[in-house]
Amino acid sequence: RVKPSRPCKDPRVPGTAPRIRVVSDLMTQSSVEISPGVLDALARSELFSSLPESNLREMASRSTIRTVRRGERLWDHGVASSALGVIAAGRVKCWSPGHDQRQWVSSVVRPGGVCGLAACVDGGPYTCNAEPLERSRVVLVPTPSLRVAMEREPAFARRVAQTLARE
């Protein structure tokens with residue numbers, strides 16, 4: 001048996017009628033913890049450094065940090081994109097497989113840089129493999145969080161476009 005949701009009074013407005021607490025209310029609460037190192041890595045990133053502090057904190061609260069070993073792939077070419085990688089420490093090689101068993105390296109991303117941006121913006125699959133050249137720490141920013149920030153902050157959307165134009 002399912003219990004109906006309990007109405008609650010809106011504490012922000014005295015004397016208001018009760019309302020139902022919805023998931024979006026819970027998502028916007030500021031009590032969400034930020035993993036150590038995530039906020040700092042995003043703030044040092046050229047792409048995210050222009051975001052206002054509140055948006056940066058919100059993005060950090062939805063992101064995770066992952067330590068990866070040399071040769072351990074973050075994602076594979078052709079896989080549906082789900083997150084953008086912001087390099088916090090180490091170096092990550094972005095490469096595509098060639099028809100003759102060679103690797104075609106498109107870039108080596110260093111701390112502060114990003115990989116997987118084009119795939120996250122257009123919603124398509126990753127256009128390359130992402131593989132650390134050494135033990136690295138990578139912040140994974142979910143694609144929906146990136147898109148929300150772009151919609152809220154036109155200056156951030158322009159910075160994303162500039163970054164893509166340079167790639």
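Contact here means heavy atoms within 4.5 Å. In this predicted model, helix H5 lies across strands E4 (83-89) and E9 in that sense, and H5 runs at about 65 degrees to E9.

Strands of a sheet pair through backbone hydrogen bonds, either parallel or antiparallel. The sheet that contains E4 and E9 is open and has 4 strands, in the order E3-E9-E4-E7, with antiparallel pairing. Its edges are E3 (64-68) and E7 (114-115), each of which pairs on one side only. Between E3 and E9 (residues 136-142) the antiparallel pairing extends over 5 bridges. One point to find on the model is threonine 64, whose bridge partner in E9 is leucine 140.

Now to the helices. Two packed helices are described by the angle between their axes and the distance between the axes. H3 (residues 53-62) packs with H5 (residues 143-152) at an angle of about 170 degrees, and the axes are 10 Å apart. An angle over 145 degrees counts as roughly antiparallel, and H3 is therefore roughly antiparallel to H5. The crossing of the two helices is right-handed. On the H3 side the contact involves Asn55, Glu58, Met59 and Arg62, which meet Ser145, Leu146, Ala149 and Arg152 of H5. By type, the residues of this contact are 3 nonpolar, 2 polar and 3 charged.

H5 also packs with H6 (residues 154-166), here at an angle of about 120 degrees and with the axes 5 Å apart. That angle makes H5 oblique to H6. H5 contributes Leu146, Ala149, Met150 and Arg152 to the contact, and H6 contributes Pro154, Phe156, Ala157 and Val160. The residues in the contact of H5 with H6 comprise 7 nonpolar, no polar and 1 charged. Leu146, Ala149 and Arg152 of H5 are listed in the contact with H3 and again in the contact with H6.

The model has another open sheet, made of 3 strands in the order E6-E5-E8, and its pairing is antiparallel. E6 and E8 are the edge strands, each pairing on one side only. From one strand to the next, the twist averages 30 degrees. E5 (residues 92-97) pairs with E6 (residues 103-109) over 6 bridges in the antiparallel sense, while 4 bridges join E5 to E8, again antiparallel.

Lysine 93 stands opposite glutamate 131 in E8. E5 and E6 form a hairpin with 5 residues between the strands, where glutamine 101 takes a positive phi near 70 degrees.

In one of them, tryptophan 75 and tyrosine 126, the ring centres are 4.1 Å apart and the planes are at 5 degrees, so the pair is stacked. This pair links distant parts of the chain, 51 residues apart: tryptophan 75 is in the loop between E3 and E4, and tyrosine 126 is in the loop between helix H4 (117-122) and strand E8 (129-132).

Key:
Residues are numbered from 1 along each chain as its sequence is written. This is a predicted model: local features need pLDDT of at least 70, side-chain atom pairs count only at pLDDT 80 or more; totals for chains, interfaces and linings use all residues. Side-chain values use heavy atoms; hydrogens and water are left out. Axes are lines fitted to C-alpha atoms, for helices over the stretch in contact, and angles run from 0 to 180 degrees between N-to-C directions. Angles under 35 degrees count as roughly parallel, over 145 as roughly antiparallel, 65 to 115 as roughly perpendicular and the rest as oblique. A crossing is left-handed if the near helix is turned anticlockwise from the far one by less than a right angle, and right-handed if clockwise. Ala, Val, Leu, Ile, Met, Phe, Trp, Tyr, Cys and Pro count as nonpolar, Asp, Glu, Lys and Arg as charged, and the others, Gly among them, as polar. Two strands pair if DSSP finds at least two bridges between them. Rings of Phe, Tyr and Trp (its six-membered ring) pair if their centres lie within 6.5 Å; planes under 30 degrees apart count as stacked, over 60 as edge-to-face and the rest as tilted.
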